[in-house]
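Let us take it part by part.

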Amino acid sequence: MDTGLRTSGIALLSLAVLASSGCATQPTPRQTPPAVAAEAAAVPPESGKAFVPPTSLHWFRVSAERRALFAQAYRQATARLPGVDSQEGPWAVVVDADETVLDNMAYQERLARGLPPYEKWSQENWNAWVKEEKALAFPEAVAFLNEVRLRGGLIAIVSNRSETTCKETGSNLVKQKVPYDALLCAKLVNPNSGVDGSVDTNKEPRFQWVHSGEAFKRPTPIRLAVFVGDNIKDCPGQSQTSFTADKFGTECIVLPNPVYGSWDTRPYVPSEGTP
Ligand SMILES: [Mg+2]
């Protein structure tokens with residue numbers, strides 16, 4: 001993918017526009033979001049027994065470091081925005097939804113507690129959570145997106161939530177006062193199978209859809225000021241095995257997520273010096 005970002009007269013994102021029908025899709029078997037590991041035994045809240053969360057969930061929920069990293073990341077993202085008086089034409093930002101704008105740690109806690117039907121992650125219990133529309137918005141994300149609006153930018157939320165739950169996702173965002181102009185969910189890989197369990201998690205065609213302007217029903221390409229997400233693949237052209245460090249803190253801003261991600265299926269590599 002040919003990318004080049006700019007803000008306020010610096011570098012512009014210039015993505016080759018692909019016809020949506022010609023975009024290759026790369027469905028992956030694992031959907032968003034994978035489960036927190038069942039590190040804690042099932043503990044009903046009413047049992048009186050202390051719930052011991054997985055370290056990753058504990059960190060995400062309570063650490064000052066997590067809040068600081070979100071503040072830091074969204075400050076960096078804001079620095080990429082054109083000024084309010086920019087004359088450079090229409091522009092947009094592209095943000096992920098889960099663990100970027102919406103906080104799903106309540107769902108992850110259900111998994112960690114392990115009570116039915118949350119013994120482990122499934123597309124069904126994930127979709128059920130999404131349809132509750134109870135995810136909270138991260139205040140740092142809302143402030144950033146309001147600033148985008150203030151400066152005249154467009155907002156695309158590109159999510160790997162299933163298109164079958166896109167309506168509820170939009171409703172959840174509205175309830176949380178998250179501004180957006182386009183919400184692009186993941187299409188079912190086999191919509192005729194009758195099984196809502198497999199979606200196309202490749203975001204690249206949707207990034208192109210945003211850049212082309214079509215996602216906003218605009219006739220001309222839109223400059224993309226910055227991408228924000230908690231997964232390496234929320235940044236164009238990036239993956240666990242193809243990673244370009246200088247894209248980060250510039251074109252792309254990455255948020256911390258030690259709970260789940262495309263990293264968690266990678267084989268562990270022991271530290272040097274491990275007996
Ligand atoms: Mg995410």
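Helices, of at least four residues, and strands, of at least two, are DSSP runs numbered from the N terminus. With that in hand, please keep in mind that this is a predicted model.

## Confidence

The protein chain has a mean pLDDT of 85, with 80% of its residues at 70 or more. Residues 1–32 are another matter: pLDDT stays under 50 there, although the model has 85 contacts beyond four places in sequence for them. Where pLDDT is low, the predicted coordinates should not be read in detail.

Helix 1 (55–62) has Ser-56, Leu-57 and Phe-60 as its buried residues. They sit on the same side of the helix, because the arc they cover around the axis is only 95°. Their cover includes helix 2, strand 2 (102–103) and helix 3 (105–113). Turn to the other side of helix 1 and you will find Thr-55 and Val-62 exposed.

Ser-63 is placed in the loop between helix 1 and helix 2 (64–79). Its relative accessibility is 10%, so Ser-63 counts as buried. A polar atom of the Ser-63 side chain lies 3.0 Å from the backbone nitrogen of Arg-66.

Asp-96 counts as buried at 7% relative accessibility, and Asp-230 counts as buried at 12%.

Terms used: Residues are numbered from 1 along each chain as its sequence is written. Side-chain values use heavy atoms; hydrogens and water are left out. Buried means under 20% relative accessible area, exposed over 50%, partly exposed in between (1.4 Å probe, protein chains only). A polar contact is a pair of N or O atoms within 3.5 Å; within protein, one must be able to donate a hydrogen and the other to accept it, and residues adjacent in sequence count only if both atoms are side-chain atoms. The arc is that of the directions from the helix axis to the C-beta atoms. Contact means heavy atoms within 4.5 Å. pLDDT is the predictor's confidence in each residue, from 0 to 100.
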